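Subject: Structure for you to look at

Hello,

Here is the structure I said I would hand over. Please open it alongside this email, and then read on for what was found in it.

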Amino acid sequence: MSFSIVGTGSALPDRVVTNGELSSFLDTSDEWIRTRTGISERRVCTTETLDELASAAAEQALESAGARASELDLIVCSTTTSDHLLPAEACAVAERIGATCPAFDVSAGCAGFVFALDAAEGWFARDRARRVLVVSAEKMSRILDWSDRATCVLFGDGAAAAILEQGGDGPLSLRLSTRANTSDLNVPGIAGSSPFDRTEHPASLVEMRGRSVFRFGVMSVVSEVQAMSAEAGVGVSDIDHFVFHQANERILDAACERLGLEPGRVAHTLADTGNMSSACIPYALDRLARAGELCEGELVALVGFGAGLDVGSALLRWGSPRG
Amino acid sequence: MAESTFDRVCAILKEQDGLEDVELTRDTNLSEVGLDSLATVEAVMACEDEFGIEIDPESNPKTVGEFVDMVDKLLK
């Protein structure tokens with residue numbers, strides 16, 4: 001059984017942090033950051049909680065789908081930076097929007113949104129859900145070493161959501177894979193205070209082998225687009241929109257060059273949000289949808305890649321089987 | 001005569017932005033001619049395609065000579 005995305009929403013914190021502001025306390029510059037990443041500014045939480053952002057994105061998605069929280073059969077949240085280790089971020093969203101359906105989180109790094117779509121697809125396939133909220137919410141600012149100019153300039157906070165409804169002929173392809181590797185991209189867990197624990201506890205901050213992740217990103221995008229195209233029996237040139245994980249503009253450039261994609265078909269949101277981990281893909285979808293750029297029946301290819309090393313890709317037909 | 005590894009690596013490096021007209025020798029320092037760490041990875045990836053080899057992405061050659069030697073070692 002298939003599903004379609006029938007509504008989207010997003011929410012960013014108010015506080016804008018420009019490259020210039022980062023240069024005031026890091027040995028970096030606007031030019032250095034822009035030429036290496038394509039990022040000019042990002043949003044960072046000050047008084048907002050992630051629960052608030054995730055719920056605001058969810059409510060906006062419900063509104064755009066013309067649906068009520070009481071009509072949801074499932075909430076899946078993708079996050080790795082929740083306000084709580086327990087309960088799941090999805091439970092906090094359910095409480096705030098007044099939903100009574102099951103709610104749980106998936107943790108799949110920057111590929112989390114596509115992994116969440118896959119979890120939802122199972123519920124549709126088993127006929128256990130007609131309408132699902134997928135929300136991706138990330139407060140990256142809490143896991144950054146703000147003295148490390150190589151990583152903290154790359155990320156931002158934000159949340160975005162999509163309402164899925166049973167029906168339609170999509171997804172034409174939905175693929176998950178894990179090239180198991182815990183050292184290229186890692187955030188150590190909490191230290192706790194067990195008097196018995198003799199293991200090491202580095203701070204819970206992003207550790208990244210940038211060159212490896214860069215290559216992994218480029219290769220993942222290229223191979224997933226080709227694989228989805230083959231699986232769905234459509235040419236890459238027949239795909240109308242490409243929404244890739246927004247980690248670095250140069251990953252996007254290198255992948256697009258290899259695939260021969262024209263810039264106009266590829267979503268770019270990095271400049272004013274930075275990398276919001278799993279929230280990047282639904283955020284880009286929401287921006288495209290609100291700009292009126294996604295038309296009924298168009299093909300939209302998603303590729304998420306990140307810690308895991310997880311890769312999730314989906315080829316969707318945009319449009320709404322409202323029933 | 002087949003092109004040397006040096007010539008083929010230089011041709012790949014020259015595809016990077018801003019390096020088209022730069023004279024490259026074995027001693028040319030990559031960062032001094034404007035090739036940053038990500039551009040080096042891009043060149044490494046292009047070399048993998050060109051030579052059909054797999055290069056450790058964390059390898060970070062500092063000069064053209066080091067880059068050529070790294071490729072030559074993998075070709076043996």
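A helix here is a DSSP run (H or I) of at least four residues, a strand is a DSSP run (E) of at least two, and both are numbered from the N terminus. By that count, chain A has nine helices and 13 strands. Please keep in mind that this is a predicted model.

Chain A overall

Chain A has 323 residues, and a compact globule with that number would have a radius of gyration near 20 Å; the value for chain A is 19 Å, which agrees. The C-alpha trace spans about 55 × 50 × 35 Å along its principal axes. Of the 323 residues in chain A, 53% are buried. Take the contacts in chain A between residues at least 6 apart in sequence: 78% of them join residues at least 24 apart.

In soluble globular proteins, nonpolar side chains tend to be buried together. The largest nonpolar core in this model has 123 residues, and the members that touch the most others are A:Ala57, A:Ile75, A:Val93, A:Ala120, A:Val134 and A:Val135. Helix 3 of chain A (residues 50–65) gives the largest share of this core, with nine residues.

Which residues does A:Ile75 touch, leaving out those up to four places away in sequence? They are A:Ala90, A:Val93, A:Ala94, A:Ala99, A:Cys101, A:Ala103 and A:Leu133.

A:Ala137 is a second residue to look up, and it is found in strand 6 of chain A. A residue counts as buried if 20 or more other C-beta atoms lie within 10 Å of its own. A:Ala137 has 37 such neighbours inside 10 Å, so it counts as buried. Leaving out residues up to four places away in sequence, A:Ala137 touches A:Leu50, A:Leu53, A:Ala54, A:Ala57, A:Cys77, A:Thr79, A:Glu89, A:Ala159 and A:Ala279. For A:Leu205, 68 residues from A:Ala137 along the chain, the separation between the two C-alpha atoms is 18 Å.

Helices 3 and 4 of chain A

Helix 4 of chain A covers residues 89–97, and seven of its nine residues are buried, so it is largely enclosed by the rest of the structure. The buried ones are A:Glu89, A:Ala90, A:Cys91, A:Ala92, A:Val93, A:Ala94 and A:Ile97. They pack against helix 3, strand 4 (74–78), strand 5 (103–106) and strand 6 (131–139) of chain A. Just after helix 4 comes A:Gly98, with a positive phi of about 80 degrees.

The axes of helix 3 and helix 4 of chain A are 9 Å apart, and the two helices pack at an angle of about 60 degrees. They are therefore oblique to each other. Their crossing is right-handed. On the helix 3 side, the contact is made by A:Leu50, A:Asp51, A:Ala54, A:Ser55, A:Ala58 and A:Glu59. On the helix 4 side, the residues are A:Glu89, A:Ala92, A:Val93, A:Arg96 and A:Ile97.

Helix 7 of chain A

In helix 7 of chain A (residues 249–259), the buried residues are A:Arg250, A:Ile251, A:Leu252, A:Ala254, A:Ala255 and A:Cys256. What covers these buried residues? The cover includes helix 6 (210–232) and strand 11 (241–244) of chain A, together with helix 2 (37–51) of chain B. After helix 7 comes A:Gly260, whose phi is positive, near 70 degrees.

Chain B

Chain B has three helices and zero strands. Its radius of gyration is 11 Å, close to the 11 Å that the globule rule gives for 76 residues, so chain B is as compact as a globular protein of that length. Its C-alpha atoms fill a box of roughly 30 × 30 × 20 Å along the principal axes. Buried residues make up 26% of chain B. Of its contacts with a separation of 6 or more, 56% are between residues 24 or more positions apart.

In chain B, the axes of helix 1 (residues 5–13) and helix 3 (residues 64–75) come within 10 Å and cross at roughly 120 degrees. These two helices are therefore oblique to each other, and their crossing is right-handed. From helix 1 of chain B, B:Thr5, B:Phe6, B:Val9, B:Cys10 and B:Leu13 take part. They meet B:Val64, B:Phe67, B:Val68, B:Val71, B:Asp72 and B:Leu75 in helix 3 of chain B.

Regards

Key:
Residues are numbered from 1 along each chain as its sequence is written. Chains are lettered from A and ligands numbered from 1 in the order in which they are written. The radius of gyration is taken over C-alpha atoms; the globule rule is 2.2 Å times the number of residues to the power 0.38. A residue is buried if 20 or more other C-beta atoms lie within 10 Å of its own, exposed if 12 or fewer, and partly exposed in between; C-beta atoms are placed from the backbone. Two residues are in contact if their C-beta atoms, placed from the backbone, lie within 7 Å. A nonpolar core is a set of buried Ala, Val, Leu, Ile, Met, Phe, Trp, Tyr and Cys residues joined through C-beta atoms within 7 Å. Axes are lines fitted to C-alpha atoms, for helices over the stretch in contact, and angles run from 0 to 180 degrees between N-to-C directions. Angles under 35 degrees count as roughly parallel, over 145 as roughly antiparallel, 65 to 115 as roughly perpendicular and the rest as oblique. A crossing is left-handed if the near helix is turned anticlockwise from the far one by less than a right angle, and right-handed if clockwise.
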